[in-house]
Structure formats: structure tokens, C-alpha cells
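Please keep the sequence and the model in view while reading.

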Amino acid sequence: MTCKNPIGFETLVACWLREMPENSETALEEHLFGCAHCTERLEGVAALASGVRAVVMDGKVTMVVSAPFLDAMKQAGLSLREYRVQPGGSVNCTIATDDDAVISRLQAPLTGVERIDLVRVRSGVESELRVADVPFNVDAGEVLVVPSAAWLKAMPAFTMQMRLIAVGKAGEKQIGEYTFNHSPS
Amino acid sequence: MPQDSRFAALDDGALARRIAAAGAASPDSAAESELYRRLAPRVRLYGLRHLRDRDAAADLVQHVLLLTLETLRAGKLREPERIVSFVLGTSRMTVLEMRRGTWRRETLLETWGETAEAFEAPEPLALDPDRLARCLEQLNERERSVVVLSFFADKQADEVGAELSISAGNVRVIRHRALGRLRECMGAGEEEK
């Protein structure tokens with residue numbers, strides 16, 4: 001099963017996401033319907049797409065997300081538990097069996113900020129985890145952290161500290177520290 | 001479901017001609033099954049792209065391919081070698097009807113009855129979710145955001161760009177790099193780009 005003019009992977013991705021102009025898409029569809037090789041490769045893109053969807057639905061990854069992404073999670077029918085925390089604040093938190101995800105809403109003054117790094121450190125674990133260049137919402141003044149629900153559900157009680165670091169030409173500045181006291185439900 | 005070795009040398013058009021030649025009186029079941037097996041993934045992917053619904057895509061596969069076989073058996077397709085164009089055109093029309101809400105699935109199933117169940121489509125490819133999760137964790141946050149916005153939230157590059165305050169072109173570059181890393185991590189290897 002071969003193809004003399006195989007469609008490039010990036011084009012297949014654009015095709016999957018329906019980003020192509022109509023005339024290009026028509027030509028591509030004609031090729032795909034006549035080509036088992038390119039169909040098999042598009043199948044790979046489809047598998048990646050459904051795999052990513054399943055991983056997010058099952059809460060297998062920790063993410064920092066945008067507000068519209070949160071809307072997409074709600075539209076997908078996920079049950080979300082939310083905690084809003086001010087800089088310097090702390091919250092007692094948990095995840096219930098029927099929760100699909102927990103959203104940590106880290107409030108911070110973000111006007112004029114160019115880049116935000118998120119630092120996470122868990123009680124009993126020496127090393128910090130620094131995540132560079134996370135999405136943030138200036139207007140809402142918040143960073144939305146979604147820890148892996150699968151991981152949270154398996155955890156005993158622990159404390160997690162998160163810090164937001166503004167990174168710019170002038171250097172780094174901490175703009176908020178947040179404490180989450182987790183206990184199993 | 002592996003390819004039937006008897007038909008390895010036949011292209012889709014030749015297979016369609018064979019089905020048309022056998023007709024409805026003594027249908028060539030093996031050739032019909034082989035054509036169904038070959039075309040089902042193409043129709044299913046078309047359905048998934050346009051309908052974004054697994055069940056609707058499965059309905060589309062069954063409807064389009066039963067209609068195709070019925071048309072071939074009845075000798076109504078003038079040029080069986082153009083079977084692929086027929087299947088694509090029928091897929092397009094059916095998706096339009098599905099979107100308008102005017103499509104009815106019952107008619108063909110009543111005609112084919114249990115015979116339709118004999119046709120099998122290959123199982124869609126599925127990735128190991130735990131491995132994929134580990135691979136996603138290895139991406140940097142921006143790459144991960146682009147990938148999940150694209151494939152979970154089903155957003156195009158310009159929409160992703162608007163959410164992350166970067167250009168659509170930049171999204172495509174990040175997406176390309178991230179998917180390359182994901183595929184490598186998943187063991188897909190480096191194919192042609």
C-alpha cells in the first residue's frame with residue numbers, strides 16, 4: 001500500500017481540523033477516497049485527536065488552560081469543582097469521586113505582564129516544578145490550573161503551594177503565592 | 001480484519017466491476033465484503049471530520065456502503081471503475097442530509113436486513129491513553145495548550161491563536177513541532193512531513 005503523492009502530515013492535520021480552503025479540501029477528499037495509504041495516515045491523525053480528547057476527559061494530564069478551554073470542558077459534559085484563591089491565600093480542597101476535574105483559579109494582578117511562569121511544590125517533595133510561559137487571562141486577572149484528576153483521586157492528604165512569577169525584560173517578580181490543602185473525599 | 005488475498009491484485013474499480021457483473025441474483029459476497037472493508041475507513045473518517053460524532057459516522061458508513069453495493073448489484077452505476085467518486089459524492093450528500101435533519105436510516109436497513117451485519121469495517125486505530133498522557137506531559141505548556149485546544153476543544157489555528165494571543169501562523173508552527181514530538185514519543189517514527 002503506497003502512494004506516489006502522499007499528503008504531508010501537516011496538511012492531514014489541517015484537513016482534520018477543517019482549516020483548508022474549500023477547493024483545496026475538495027481535491028484532498030478526492031485523493032483520500034482513492035488512496036488507502038493516505039487514509040491510513042489520516043487515521044493516525046484521527047487516533048491522536050480522539051486519544052487527546054480521551055486523556056483530557058479522563059483527567060490524565062495536568063494543564064494550565066484558558067477560559068474558553070474551560071468552557072469547552074463544560075460543553076463536553078465534564079463535572080468541574082472550582083477553587084478561587086487570592087494571592088497569599090489558602091484553601092482546603094478535595095476531589096469527589098464524581099468530579100471529572102478540579103479547577104484552581106489563581107487570582108493575580110496581570111495588567112502589563114508579558115509572561116507568567118507557574119511554580120508548584122508539594123509537601124514532602126523537595127524539588128519544585130516550574131512550568132514556563134503558561135496561558136493567563138489579563139481581563140479576568142487569573143491563571144487556571146487543572147491538576148490531573150486521576151492523580152488527585154489517588155493522592156492522600158497533602159499541601160501544594162503554587163507561585164506565579166511574572167517574567168519580563170526587567171527580570172522576574174513573584175506576583176502571587178497560593179496554598180492548597182488537599183484531603184481525599 | 002485482514003485483506004482478502006484473492007483480491008490483492010484488484011484495485012477498487014476492478015472490485016466494483018466484479019460486484020456489478022455478479023449482480024443481485026447471485027451476489028459476489030466475498031468481493032462485496034472486501035470493497036466494504038476497503039472503503040469503510042475512508043467514509044468513516046469523512047463522517048468524523050464533518051460530523052464530529054462517532055455514532056453518526058458509523059451510520060454514515062453503513063448507509064453509504066449499503067447504497068453503493070445496492071447500486072452496483074442493480075447495475076445502476078454506469079462506470080463501476082469510478083466507484084470512489086460515487087462513494088465520495090454519496091457521502092457528501094448524506095452528510096448534508098444529516099446536518100439538515102432530513103436523513104432517514106431505516107429504509108436501507110429494512111432492505112438489507114441481517115445481511116448488512118455480515119459486512120465488517122476495520123476497527124479504528126486507538127492509542128495507549130497512559131502512554132499518550134505521559135507524552136503530553138513531556139510537551140512544554142504552550143505546546144500542550146495548542147494540542148489540547150486543537151484536538152479537545154476542536155479549534156482551528158486562528159481560534160487557538162486568539163486564545164493564546166499568538167498568530168495563527170505561530171500556532172501552526174507550534175502545533176507541527178508538538179505533534180512531531182508526540183508522534184516520536186508514541187513511537188510513530190519520523191515519516192515524511
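## Helix 1 of chain A

In this predicted model, the buried residues of helix 1 of chain A are Phe9(A), Leu12(A), Val13(A), Ala14(A), Cys15(A) and Trp16(A). The helix as a whole is mostly covered, since six of its eight residues count as buried. The cover over these buried residues is drawn from both chains, and it includes helix 2 and helix 3 of chain A as well as helix 2 and helix 9 (168-185) of chain B. Just after helix 1 of chain A comes Arg18(A), which takes a positive phi of about 55°.

## Where chain A touches chain B

The contact between the two chains takes 43 residues from chain A and 43 residues from chain B. On the side of chain A that touches chain B, the elements giving two or more residues are helix 1 (9-16), helix 2 (22-33), helix 3 (36-57), strand 1 (63-65) and helix 4 (67-75) of chain A. Helix 3 of chain A provides the largest share of that side, with 15 residues. Sorted by class, the side of chain A that touches chain B holds 27 nonpolar, six polar and ten charged residues.

## The domains of chain A

The domain assignment divides chain A into domain 1 (9-56) and domain 2 (59-182). Between the C-alpha centres of domain 1 of chain A and domain 2 of chain A there is a distance of 33 Å.

## The four-stranded sheet of chain A

Chain A has an open sheet of four strands, which follow the order 1-7-4-2 with mixed pairing. Strand 1 and strand 2 (80-85) of chain A stand at the edges, and because each has a single partner strand, one side of each is left without a neighbour in the sheet. From one strand to the next, the twist in this sheet averages 25°.

Within the sheet, strand 4 (residues 101-107) and strand 7 (residues 142-146) of chain A run antiparallel and are joined by four bridges. Across from Val145(A) in strand 7 of chain A stands Ser104(A).

## The five-stranded sheet of chain A

Another open sheet in chain A is built from five strands in the order 3-9-8-5-6, again with mixed pairing. Its edges are strand 3 (90-93) and strand 6 (129-131) of chain A, and each has a single partner strand, so one side of each is left without a neighbour in the sheet. The twist here averages 25° from one strand to the next.

Strand 5 (residues 115-122) of chain A is joined to strand 6 of chain A by three bridges, and the two strands run antiparallel. Leu118(A) stands opposite Val131(A), which belongs to strand 6 of chain A.

## A residue in strand 8 of chain A

Gln161(A) has its place in strand 8 (residues 158-168) of chain A. Once neighbours within four places in sequence are left aside, Gln161(A) is in contact with Val121(A), Glu177(A), Tyr178(A) and Thr179(A). The C-alpha atom of Gln161(A) is separated by 12 Å from that of Ser127(A), a residue 34 places away along the chain.

## The fold of chain B

Chain B has nine helices and zero strands, so that, read from the N terminus on, its elements run α-α-α-α-α-α-α-α-α. Of the 193 residues in chain B, 38% are buried. Among contacts in chain B between residues at least 6 apart in sequence, 63% join residues at least 24 apart.

Chain B is divided into domain 1 (5-118) and domain 2 (129-185), and the C-alpha centres of these two domains of chain B lie 35 Å apart.

## A helix pair in chain B

Helix 2 (residues 29-51) and helix 4 (residues 83-100) of chain B pack at an angle of about 35°, and their axes lie 11 Å apart. The crossing of helix 2 of chain B and helix 4 of chain B is right-handed. To this contact helix 2 of chain B brings Leu39(B), Val43(B), Tyr46(B), Gly47(B), His50(B) and Leu51(B), while helix 4 of chain B brings Val87(B), Ser91(B), Val95(B) and Met98(B). By class, the contact of these two helices of chain B has seven nonpolar, three polar and no charged residues.

Note on methods: Residues are numbered from 1 along each chain as its sequence is written. Chains are lettered from A and ligands numbered from 1 in the order in which they are written. This is a predicted model: local features need pLDDT of at least 70, side-chain atom pairs count only at pLDDT 80 or more; totals for chains, interfaces and linings use all residues. Domain bounds come from an automatic or database domain assignment. Axes are lines fitted to C-alpha atoms, for helices over the stretch in contact, and angles run from 0 to 180 degrees between N-to-C directions. A crossing is left-handed if the near helix is turned anticlockwise from the far one by less than a right angle, and right-handed if clockwise. Two residues are in contact if their C-beta atoms, placed from the backbone, lie within 7 Å. Ala, Val, Leu, Ile, Met, Phe, Trp, Tyr, Cys and Pro count as nonpolar, Asp, Glu, Lys and Arg as charged, and the others, Gly among them, as polar. A residue is buried if 20 or more other C-beta atoms lie within 10 Å of its own, exposed if 12 or fewer, and partly exposed in between; C-beta atoms are placed from the backbone. Two strands pair if DSSP finds at least two bridges between them.
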